[in-house]
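Please keep the sequence and the 3D view open while reading.

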Amino acid sequence: MSTSFLASYSRKVFLTLGGGRGVRKAVFGSHFVAVPRRSIIDLSYSTHFMDFKGSSIPSSMKKLVVTKLSQNFRDAVSLQIAPVPTPGDGDLLIRNRFVGINASDINYSAGRYDPSVKPPFDAGFEGIGEIVGLGLSASANFTVGETVAYFGEGAFAEYTVVPAKKVVPVPSAKPQFLTLLVSGATAYIALKRLGDLTKGETVLVTAAAGGTGQFAVQFAKMAGCHVVGTCSSDEKAGFLKTLGCNRPINYKAEDLARVLRKEYPDGVHVVYESVGGGIFDTAVNCLAKKGRLIVIGFISGYQTASGLQPVRAGTLPAKLLQKSASVRGFFLPHYLPDYRDAMGSMLQMCARGELTCEVDLGEMADGGKFAGLESVFRAVDHMYSGKNLGKVVVELVPPVDSKL
Ligand SMILES: NC(=O)c1ccc[n+]([C@@H]2O[C@H](COP(=O)([O-])OP(=O)(O)OC[C@H]3O[C@@H](n4cnc5c(N)ncnc54)[C@H](OP(=O)(O)O)[C@@H]3O)[C@@H](O)[C@H]2O)c1
């Protein structure tokens, strides 16, 4: 992700896929018997539009707050108790059921995206859950009990207020839908807008078995391309095979540069590059004539003080010129006009069973399944250990008294 990502990603931008009553899931009838009720703030509509009658909204909640800037997530972020926020006139109050972990959570906690923003500020980019309260204007298109997904500020919380115009209605609160919001949309739009994929071309995807890589593999296959994917274990290589990846390369078992030179002597036409450093250099070297390398991120540098791993930039102009090749950056919030189309297409693919949305809920992680906000820390560690397979997702367990 680029270094300006979070400024617009989580502070200014909530993405929209229309509002509306397209999907209903009127299942909300839970009771938190032991949790104190919050006070009603706006009597003009809150008794009507918020679920106080069912007592399902407690007065306080847990959330994760960046209290100190650091790329070490555990140093930067602390778990706090805060009042459950009240939605404004055009807002929804969402009880988060699942929240997504992104590689850039640590860029955000390091303050790399908007240096003008000082701690404390809320963490977390994306969530999926049920509407439990809403403002009067928002009630024109939504109702309590609907399931929506969103990305925006403050997702690492039990409840988040999100503008109604900026949520994505989804069929149910399954974590698979959450994988589309950032990871899927990035792959879909980046390849569509910057890949210029042509049937029969070769596409290299790095970090191919991760959150966004899994989608890049599938979209490149759908475009009729031959797909090469890098990963760090045989288990991930096996997963990539199931996605249709023609040549998974476990770079811990095989020399990536040698394999690419030997098996793809004419080079690769497109690279979806997320790792940076030496992998970026290798990818540049294997570009075909008129090849396109899309910089999606550079995760290998995020844990360093600068956020970057050095690359051989000095020789880059010559290498690109000699092949009429290009290197282009992609930053999801710069492509908001494409978002509605991307989400609509991906949700249709899901409905038709054409898209695998692999979720890693931590069952195989140290300490077991990611359940509750406290486990976001372990989930970030899990991703940075390189062990995740698919999108890392944390389940927020409802209070024990909830019947939901
Ligand atoms: N530009 C955008 O708008 C945008 C949007 C979303 C994500 N991104 C970028 O996409 C990339 C992937 O993000 P994600 O959230 O989907 O994560 P992810 O791929 O689910 O997880 C990260 C994976 O990166 C690989 N990796 C390679 N070198 C690593 C290293 N030194 N340390 C840790 N992991 C390493 C690991 O898999 P293997 O080693 O097994 O391959 C690891 O599983 C990141 O660079 C992120 O910034 C960009």
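This is a predicted model: local features need pLDDT of at least 70, side-chain atom pairs count only at pLDDT 80 or more; totals for chains, interfaces and linings use all residues.

Residues are numbered from 1 along each chain as its sequence is written, and side-chain values use heavy atoms, with hydrogens and water left out. Helices (H or I, at least four residues) and strands (E, at least two) are DSSP runs, numbered from the N terminus.

**Ligand site**

- The ligand is surrounded by 31 residues, each with a heavy atom within 4 Å of it.
- The closest are Gly 211, Ser 232, Tyr 251, Tyr 302 and Asn 388.
- Polar contacts are pairs of N or O atoms within 3.5 Å; within protein, one must be able to donate a hydrogen and the other to accept it, and residues adjacent in sequence count only if both atoms are side-chain atoms.
- Gly 211 places a backbone N or O atom 2.7 Å from a ligand oxygen atom.
- Ser 232 has a polar side-chain atom 2.6 Å from an oxygen atom of the ligand.
- For Tyr 251, a side-chain N or O atom is 2.5 Å from a ligand oxygen atom.
- Alone, the ligand exposes 910 Å², and the protein buries 94% of that (Shrake-Rupley method, 1.4 Å probe; for residues, only the protein chains shown count as cover).

**Shell around the ligand**

- Helix H5 (175-195), strand E10, helix H10 (299-302) and helix H13 (376-384) each supply at least two shell residues.
- H10 gives the largest share, three residues.
- The shell holds 17 nonpolar, 13 polar and one charged residue. Nonpolar covers Ala, Val, Leu, Ile, Met, Phe, Trp, Tyr, Cys and Pro; charged covers Asp, Glu, Lys and Arg; the others, Gly among them, count as polar.

**Strands E10 and E11**

- E10 (residues 226-231) and E11 pair in the parallel sense over four bridges; pairing takes at least two DSSP bridges.
- Val 228 has Arg 247 in E11 as its bridge partner.
- From E10 the chain passes through helix H7 (residues 234-242) to E11, in a right-handed β-α-β crossover (clockwise from first strand over helix to second, with the strands pointing away from the viewer).
- In E11 (residues 247-250), Arg 247 and Ile 249 point one way, Pro 248 and Asn 250 the other, and all are buried (under 20% relative accessible area, 1.4 Å probe, protein chains only).

**Open sheet**

- Three strands make an open antiparallel sheet, ordered E2-E1-E4.
- E2 (77-83) and E4 (121-122) stand at the edges with a single partner strand each, so one side of each lacks a neighbour in the sheet.
- E1 (residues 60-66) and E4 pair over two bridges, and Val 66 has Phe 121 in E4 as its bridge partner.

Definitions and conventions. Buried means under 20% relative accessible area, exposed over 50%, partly exposed in between (1.4 Å probe, protein chains only).
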